[in-house]
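Welcome! Here is a friendly tour of one protein model, topic by topic. Please keep the picture open while you read.

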Amino acid sequence: MFQVKDPRLRTVEEVVCANTGMTAEELLGDRKDYRIDGLSTAAAMLKKAVRKGQIIYIAGDYDVDGILATAILALALKALNASMVLRLPKRFTEGYGLKREMVDRFQDGQFLITVDNGISALDAVRCAREKGMEVIVTDHHLPVKDEQTGEARYPEANLIMNPNAVPDSADFTGYCGAGIAFKLAVELLGTGHSLISRLLSFAAIATVADSVPLTGENRRIVKEGLKVMVTREGTTQGLYALLCALGLEAYVTAETVGFKLAPVINAPGRLKDNGSMEVLKLVLYDGPYSEAKCMAERLLEDNRERKELSDRWTERVRETIIERNMSGHVPIVVYEPDIPEGVIGIVAGRVAEAFRSPCILFGQSARPEVLKGSGRSYGDIHLKNLLDENRTDLIQYGGHGAAVGLSLEQKNLETFRLSLMKTLSGKKRREACGDMYDLKIHENDIGQVMEDIMAFGPYGEGNPAPVFLLENLTLSPVGQAYYRYLQDGKGVKLLSPRLEAVSFGGGKEYQAMGTPRHVTLLGTLTTNYYMGKVQNQMEIRKMLPCRAKRGRSPLLCALEAEAKGRYVQSSQIRKESYG
């Protein structure tokens with residue numbers, strides 16, 4: 001049932017290096033000063049605008065990345081005593097990105113800088129220039145392409161900083177919007193400024209949330225940002241209150257950012273037209289803690305509502321796909337008239353994972369004849385490039401390889417679906433070929449393995465967490481039981497001295513197995529902080545019952561000891577080589 005991906009790989013170090021294409025020295029010893037062309041010019045332009053007393057309009061986006069990129073630049077410019085207006089688009093009435101209608105309300109002759117958007121806002125940027133505004137575009141999305149030539153079209157800004165869209169303009173192209181904003185903030189303030197830790201925390205959260213590669217400078221931003229996030233210097237009062245509400249004020253990991261913190265930051269902007277501004281006000285807030293706590297609790301309530309909506313609509317869309325015999329389509333293109341716009345992207349991502357195929361999910365827009373949708377990729381399919389090849393029927397679209405937003409007339413939906421499927425006709429769905437793992441480990445290996453897991457993290461896009469096969473784990477009672485159910489029986493936590501193993505949806509599965517005390521588990525390893533103690537934790541993907549450890553042969557014991565010795569020796573070599 002379980003299959004090893006590459007039998008030549010025997011340690012976490014070897015797995016991570018194979019996944020990232022980098023050496024251990026490159027990963028652990030990275031001290032490079034990464035270049036982005038235009039940083040010094042942009043900083044000089046902004047400082048000049050401050051001296052002239054110009055209003056600086058910061059135009060962001062309504063997701064985690066856009067909100068925190070706006071917050072980074074706002075705090076940096078506030079330290080320079082700039083006059084600012086912060087503008088995030090209203091999700092339902094304005095939609096993604098900078099619009100001409102927004103620019104029309106800006107004062108003539110002032111200054112505009114975009115964060116996490118702007119590369120495709122050709123009309124809006126042109127409007128700003130016509131109003132006598134200086135414009136800097138900072139973004140990481142891909143540009144629109146000319147319908148005739150297929151070449152990239154760029155906005156007429158005074159300066160564009162977008163490593164992902166402007167060839168050879170940076171040493172690293174994988175930044176999110178907040179990552180670029182952070183680089184600009186450091187250029188504005190200097191590395192020793194007291195605000196840098198706070199801005200680094202914001203950039204780390206956004207980098208994890210936006211699923212950009214956790215390699216290059218992104219890895220350093222996240223690793224260092226997670227450390228400072230739980231310090232006094234690394235948070236605003238608002239962010240601290242939110243961390244407290246989630247139980248993260250003392251210990252934060254990339255996993256808890258991705259699965260706990262980021263969804264809460266996203267929630268208001270998914271449910272309310274201008275909900276993202278509520279989040280921006282919270283993360284920038286530095287007043288009394290009591291008020292920050294109330295603001296944070298409102299965000300948690302929004303997230304509970306968002307989660308209920310997402311769960312309900314995921315099931316409904318899944319049923320629609322099965323009823324219409326679309327489960328084998330590549331990509332899956334589906335229309336649900338009544339789905340709330342704010343959860344379309346979440347549901348599309350879940351559907352893509354469930355059916356192992358890219359998914360583009362449409363809902364209704366404010367105009368009855370127009371559908372508005374969101375797409376999430378699966379496997380190696382680049383969604384933005386796919387839309388570039390099939391843009392004839394689209395009214396508007398944008399995004400990158402993993403995620404896109406788009407709209408089209410309802411009458412063109414079927415033509416669009418068939419066109420996409422024809423383009424990808426040579427692609428196959430990634431079918432399950434057994435359950436794959438990177439390394440097989442035993443109970444006695446866990447301590448050493450966890451050291452290496454911590455050393456080579458954080459994990460995410462571009463550096464996926466190694467998957468382990470943990471054989472014949474003996475569960476031990478904590479209190480009266482060696483397991484306990486979570487979430488009203490939906491999940492289960494298995495207990496042992498060396499780690500806790502959690503399956504958030506496997507309660508019924510474990511019960512059906514007869515609640516065995518000896519199990520073999522497939523999953524990823526991380527740490528969990530609870531009541532002042534850091535506990536090793538495995539997130540279970542699969543579990544199987546197995547027999548108690550009796551009558552094990554001397555040969556098997558010897559082989560396990562040899563494997564453990566080889567693993568420890570390899571890990572020791574790494575420590576001596578890279579510190």
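Where does N81 lie? N81 sits in the loop between α4 (64–79) and β3. Helices (H or I, at least four residues) and strands (E, at least two) are DSSP runs, numbered from the N terminus. This is a predicted model, in which local features need pLDDT of at least 70, side-chain atom pairs count only at pLDDT 80 or more, and totals for chains, interfaces and linings use all residues. Residues are numbered from 1 along each chain as its sequence is written, and side-chain values use heavy atoms, with hydrogens and water left out.

- Most residues other than glycine have a negative phi, and most peptide bonds are trans.
- N81 is not a glycine, yet has a positive phi of about 65°.
- With a relative accessible area of 69%, N81 is exposed (buried means under 20% relative accessible area, exposed over 50%, partly exposed in between, using a 1.4 Å probe and protein chains only).
- R356, another residue other than glycine, has a positive phi near 55°.
- R356 belongs to the loop between α14 (344–355) and β10 (359–364), and counts as partly exposed at 32% relative accessibility.
- The peptide bond from V330 to P331 is cis, with omega near 0°, and P331 is placed in the loop between α13 (289–323) and β9 (332–335).
- G457 and P458 are also joined by a cis peptide bond, with omega about 5°; P458 lies in the loop between α17 and β16.

**The sheet of 5 strands**

- Strands of a sheet pair through backbone hydrogen bonds, either parallel or antiparallel.
- An open sheet of 5 strands has parallel pairing and the order β3-β2-β4-β5-β8 (two strands pair if DSSP finds at least two bridges between them).
- At the edges stand β3 (83–87) and β8 (159–161), each with a single partner strand, so one side of each has no neighbour in the sheet.
- On average, neighbouring strands of this sheet are turned by 15° against each other, direction ignored.
- Strand β2 (residues 55–59) runs parallel to β3 and is joined to β3 by 5 bridges; the bridge partner of I55 in β3 is S83.
- Helix α3 (residues 39–52) lies across β2, β4 (111–114), β5 (134–138) and β8, at about 130° to β8 (axes are lines fitted to C-alpha atoms, for helices over the stretch in contact, and angles run from 0 to 180 degrees between N-to-C directions).

**A buried aspartate**

- D116 is found in the loop between β4 and α6 (122–130).
- D116 is buried yet has no salt bridge, and the nearest side chain of opposite charge, R91, is 10 Å away.
- A salt bridge is a side-chain nitrogen of Lys or Arg within 4 Å of a carboxyl oxygen of Asp or Glu; Lys and Arg count as positive and Asp and Glu as negative, while His and the chain ends are not counted.
- The side chain of D116 does reach the backbone nitrogen of G66, at 3.2 Å.
- Leaving aside neighbours within four places in sequence, D116 is in contact with residues including D61, Y96, H140 and G177 (contact means heavy atoms within 4.5 Å).

**The sheet of 7 strands**

- An open sheet of 7 strands has mixed pairing and the order β15-β16-β20-β21-β19-β18-β17.
- Its edge strands are β15 (439–441) and β17 (483–486), each pairing on one side only.
- The twist averages 35° from one strand to the next.
- β19 (residues 500–503) and β21 (residues 533–545) pair in the parallel sense over 3 bridges, and V502 stands opposite E539 in β21.
- β17 and β18 run antiparallel, joined by 4 bridges; they form a hairpin with 4 residues between them, and Q487 in the turn has a positive phi of about 50°.
- A hairpin of 4 residues also joins β18 to β19, where L494 stands opposite A501.

- In strand β18 (residues 491–495), 5 of 5 residues are buried.
- From β18, G491, K493 and L495 point one way, and V492 and L494 the other way.
- P466, in the loop between α17 (446–456) and β16 (468–474), counts as buried at 1% relative accessibility.
- The C-alpha atoms of P466 and Y437 are separated by 7.6 Å, although the two residues are 29 residues apart along the chain.

How values were computed
Polar contact = N/O pair within 3.5 Å; in protein donor to acceptor, adjacent residues only side chain to side chain.
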